[in-house]
Amino acid sequence: KESRLKIDVQSEIGQLGAVLLHTPGAEVENMTPRMAQRALYSDILNLSIARKEYEQIEGVLSKVARVYQVRDLLARVLDKADARRELISRICIAEQAGGCFDVLMAMSSPQLVKALIEGLPARIDTLTAFLNEDYYSLFPLYNFYFTRDSSVTIGNNALICRMANQVRAREAMIMDAIYRCSGCFDCGTIDLQNVVPERGKLFIEGGDVLVVRDDVLVIGNGMRTSAAGIDALTARFCELFPEGKKHIIVQQLPSSPESFIHLDMVFTMLDRDKCMTFAPLILHDHSYKTVHITIEDGKVSRIRGVSGILPALRTLGLDLEPVPCGGSSDSWVQEREQWHSGSNMFAFAPGKVLCYARNEATLHEMDKHGFEVMAAREVISGKKKLSDYARCCV
């Protein structure tokens, strides 16, 4: 019998033991230009190109960690009658698709996985259905390959995120079912779906939640994570940690352009002593607030404004050297490479990160800071072994 994986994520840079991926499938092509904006896209994707890029991600990560695929785990959930009924009920209620319940329940698990991810075409058997411009009864999950958004692991808990856009709500429901019912993971869940905020809209997404240390979170407050969402997570933290001290550093983000969608578009961890930053927002003067929330013995003991993420972390014993996205000399290049996700790096071990090849100025900056820059194909083919390098940027 397969043993359950004990989840214990205490930082963004620890040695990766396992990773949860969703390789893009037909759901990416089940979109027309007319539907793109609704799906949170500015353009439609080419599936063959998306698959090739994702194969590189999986190819590199499979060298260092155990890889789980969402489709496989969802099938395990759907094989269990009670878990299947609970998940399908939640989805049909949330998406006002009660008429689909019996159809979905009658499907085999592989068919149901396909329908829940790639979409369920509408049944055209009434005039109302014929005149409806929506082709789907359940829309495809166009964004599901961004698996960090709908859930993020914090310590031995999986935070089930409350998505900012309804078109992505099903992703979080599926992730919740996977963590609770697949039988693969040993962890708790922090589910904010039923929390009623005191004021404002409540939403929070994983790209805004970074585990810097076992007692320190840095969270972005912007278009995908609201103040009420951060308050809800803070309240759960107070319940989970009735003893000791925890810190949450909150960074306000611009509401436009869309490249500032999450904190990990402007700040990510690279090593124990280094971080990737978009300098205009993280290092320079600006009008966006940084707030330090202190939790002591299960209660918020202090909330105060601070002068930035790095000074706040320094007071907690984390002195990080910033590596500037796009380099340090040209603000035009910085803005251009931030737009192309130059700050959005993923550490799979201390000092070993994945990034996008297109951001040449950022790669040059990484090289200057002691990171060996290499292509994914070199790692996948075995030409370069990650264990041979103290620091690398793949």
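Q: How many residues of helix α7 (residues 109-118) are buried?
A: Seven of the ten are buried, so α7 is largely enclosed by the rest of the structure. This is a predicted model.

Q: Which ones in α7 are buried?
A: The buried residues are S109, L112, V113, A115, L116, I117 and E118.

Q: What follows α7?
A: G119 follows α7, and its phi is positive, near 105°.

Q: How do the axes of α4 and α7 cross?
A: Helix α4 covers residues 70-78, and its axis comes within 9 Å of that of α7, with a crossing angle of roughly 125°. That angle makes α4 oblique to α7.

Q: Is that crossing left-handed or right-handed?
A: Right-handed, as α4 passes α7.

Q: Which residues meet there?
A: From α4 they are R71, L74, A75 and L78, and these meet S109, L112, V113, L116, I117 and E118 of α7. By class, the contact of α4 with α7 has seven nonpolar residues, one polar and two charged.

Q: What does L116 touch, leaving aside neighbours within four places in sequence?
A: L116 is in contact with L74, L78, L87, I88, I91, L138, L141, R170 and I174.

Q: Back up to the core. How many residues are in the largest nonpolar one?
A: The largest nonpolar core has 63 residues. Those with the most contacts inside it are L104, L116, L159 and L233.

Q: Which element gives the largest share of this core?
A: Helix α10 does, with nine residues.

Q: What about a second core, which residues does it include?
A: A second, separate core has 35 residues, and V216, V218, C275 and A347 are among them.

Q: Now α5 and α10. How do their axes cross?
A: The axes of α5 (residues 81-94) and α10 (residues 169-181) come within 10 Å and cross at roughly 165°. The two helices are therefore roughly antiparallel to each other. The crossing of α5 past α10 is right-handed.

Q: Which residues of α5 and α10 meet?
A: On the α5 side there are A83, E86, L87, R90, I91 and A94. They meet R170, M173, I174, D176, A177, R180 and C181 in α10.

Q: How does the contact of α5 with α10 split by class?
A: It has eight nonpolar, no polar and five charged residues.

Q: Take L87. Is it buried or exposed?
A: L87, which lies in helix α5, has a relative accessible area of 3% and is buried, because the cut-off for buried is under 20%.

Q: What is L87 in contact with, leaving aside neighbours within four places in sequence?
A: Its contacts are L74, L78, L116, M173, I174 and A177.

Q: And how far apart are L87 and D176?
A: They are 89 residues apart in sequence, and 9.2 Å apart in space, C-alpha to C-alpha.

Q: What does D149 touch, not counting residues up to four places away in sequence?
A: D149 touches C161, M163, R168, E205, G206, G207 and H262.

Q: What is the phi of Q96?
A: Q96 has a positive phi of about 50°, although it is not a glycine.

Q: Where is the place of Q96, and is Q96 buried or exposed?
A: Q96 is in the loop between α5 and α6 (101-105). Q96 counts as exposed, at 75% relative accessibility.

Q: What about phi of S341?
A: Phi of S341 is near 65°, a positive value in a residue other than glycine. S341 lies in the loop between α14 (331-339) and β18 (346-349).

Q: Does S341 count as buried or exposed?
A: S341 counts as buried, at 12% relative accessibility.

Methods: Residues are numbered from 1 along each chain as its sequence is written. This is a predicted model: local features need pLDDT of at least 70, side-chain atom pairs count only at pLDDT 80 or more; totals for chains, interfaces and linings use all residues. Side-chain values use heavy atoms; hydrogens and water are left out. Axes are lines fitted to C-alpha atoms, for helices over the stretch in contact, and angles run from 0 to 180 degrees between N-to-C directions. Helices (H or I, at least four residues) and strands (E, at least two) are DSSP runs, numbered from the N terminus. Angles under 35 degrees count as roughly parallel, over 145 as roughly antiparallel, 65 to 115 as roughly perpendicular and the rest as oblique. A crossing is left-handed if the near helix is turned anticlockwise from the far one by less than a right angle, and right-handed if clockwise. Contact means heavy atoms within 4.5 Å. Ala, Val, Leu, Ile, Met, Phe, Trp, Tyr, Cys and Pro count as nonpolar, Asp, Glu, Lys and Arg as charged, and the others, Gly among them, as polar. A nonpolar core is a set of buried Ala, Val, Leu, Ile, Met, Phe, Trp, Tyr and Cys residues joined through side-chain atoms within 4.5 Å. Buried means under 20% relative accessible area, exposed over 50%, partly exposed in between (1.4 Å probe, protein chains only).
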